[in-house]
Amino acid sequence: MPLLSADPAAFPAEPPADTHDPAVTAAYDWAAFSALDEMTDHWARPGWSDGSRAYYWMLTFPDDQRLATLAGHCQEELAPLGLDPVPTDGLHITLARVGTPCVVTPGQLDSLARDAEALLPSAFSVRAMPLAGSRGAVRLSLGPWEPLLRLHHALAKAGSSVGLAPKKPTSAFRPHLSLAYNNRRRPAAPVVETVSGLRALPAVELFVSAVQLVELRREGRTYRWDVRRNVALG
């Protein structure tokens, strides 16, 4: 497994000291978020305007009621801040970008899914909670990171084998699960304060037995997708 490395484009920029201990990664996420002075507009993304589409590897949880309940409660408490909540059927963990439909062919998607299936690790569980955030979102910390890093590494290897290496290497991967996106520049302190009051909620255990290759699209200030391939873990 390649070691995580510092990356100024990632958040947090520095990797955590231990990717096996959920308490370490949660504390690391919170330290970075609570130190922010300002939050930025998540949707101000060049090349990713309303209607844009791209293929991504993601983990999706459409039938996880415990996660939906936790997300809904947090979003209710966050509502006065005017963030853009992620729909409960749109909760996901982004793993890696594959490419756009105008460049990636159906044959490449087939090859990618086939190669990935042979490389994927075994099914695993991760814990979602406590709440933290980034420059552009409020999000759940995940832990342990190690199985997610192994999964990302396998997907990156499969992508490289068919000429679809992800833009971000595993060394820059920072696992998280967003609950609400920030939609304007604002002081971070009020958001950090609200989030701090939600950090004691019970964690939700997420069982990961498959990874989804989706065609992701932006619809206004939310993300939607169609699953193109569902690939079971080993």
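Reader: Before we go on, what should I know about the model and the numbering?
Author: It's a predicted model, so local features need pLDDT of at least 70 and side-chain atom pairs count only at pLDDT 80 or more, while totals for chains, interfaces and linings use all residues. Residues are numbered from 1 along each chain as its sequence is written, and side-chain values use heavy atoms, with hydrogens and water left out.

Reader: Ok, back to H2. Which residues are buried there?
Author: Leu67, Ala68, Leu70, Ala71, Cys74, Gln75 and Leu78 are buried. Down the axis of H2 they fall within an arc of 165°, so they line one face of the helix. The arc is that of the directions from the helix axis to the C-beta atoms.

Reader: And what do the buried residues of H2 pack against?
Author: Strands E3 (84-85), E5 (124-133), E6 (137-143), E7 (177-181) and E9 (204-208), along with helix H5 (189-196). Contact here means heavy atoms within 4.5 Å.

Reader: How many residues has H2, and how far does it reach?
Author: H2 covers residues 65-78, which is 14 residues, and reaches 20 Å from its first C-alpha to its last. That is close to the 20 Å expected at 1.5 Å a residue, the expected span being 1.5 Å times one less than the number of residues.

Reader: What happens at the start of H2?
Author: A side-chain oxygen of Asp64 comes to within 3.2 Å of the backbone nitrogen of Arg66. For a polar contact, the cut-off is a pair of N or O atoms within 3.5 Å; within protein, one must be able to donate a hydrogen and the other to accept it, and residues adjacent in sequence count only if both atoms are side-chain atoms.

Reader: You mentioned H5. Which residues are buried in that one?
Author: Val191, Val192 and Val195. Viewed down the axis of H5, the buried residues sit within an arc of 100°, so they line one face of the helix. On the other side of H5, Ala189 and Glu193 are exposed.

Reader: What covers the buried residues of H5?
Author: The cover includes helix H1 (22-34), strand E1 (38-39), H2, E5, E6 and strand E8 (186-187).

Reader: Switching to charges. How many salt bridges are there in the whole structure?
Author: The search finds 8. A salt bridge is a side-chain nitrogen of Lys or Arg within 4 Å of a carboxyl oxygen of Asp or Glu.

Reader: Which residue does Glu215 form a salt bridge with?
Author: Arg53, with the closest N and O atoms 3.3 Å apart. This pair links distant parts of the chain, Glu215 in strand E10 (residues 210-218) and Arg53 in strand E2 (residues 53-60), 162 residues apart. Glu215 is buried at 9% relative accessibility, and Arg53 is partly exposed at 37%.

Reader: What about Arg229, which partner does that have?
Author: Asp110, with the closest N and O atoms 2.4 Å apart. Arg229 lies in strand E11 (residues 223-232) and Asp110 in helix H3 (residues 106-119), so the pair ties together parts 119 residues apart in sequence. Arg229 is partly exposed at 24%, and Asp110 is partly exposed at 38%.

Reader: And which residue does Asp226 meet in a salt bridge?
Author: Arg217, at 3.2 Å, N to O. Salt bridges that share partners also join Arg53, Glu215 and Arg228 into one network.

Reader: Now cysteines. How many disulfides does the count give?
Author: The count is 0, where a disulfide is a pair of cysteine sulfur atoms within 2.5 Å. Cys74 is buried, with a relative accessible area of 0%, whereas Cys102 is exposed at 71%.

Reader: Last one: where is Ser134, and what is in contact with it?
Author: Ser134 is in the loop between E5 and E6, and counts as buried at 8% relative accessibility. Leaving aside neighbours within four places in sequence, Ser134 is in contact with Phe11, Phe33, Leu36, Met39 and Arg139.

Technical notes
Helix = DSSP H or I, 4+ residues; strand = E, 2+ residues; numbered from the N terminus. Buried < 20%, exposed > 50% of the residue type's maximum accessible area, 1.4 Å probe, protein only.
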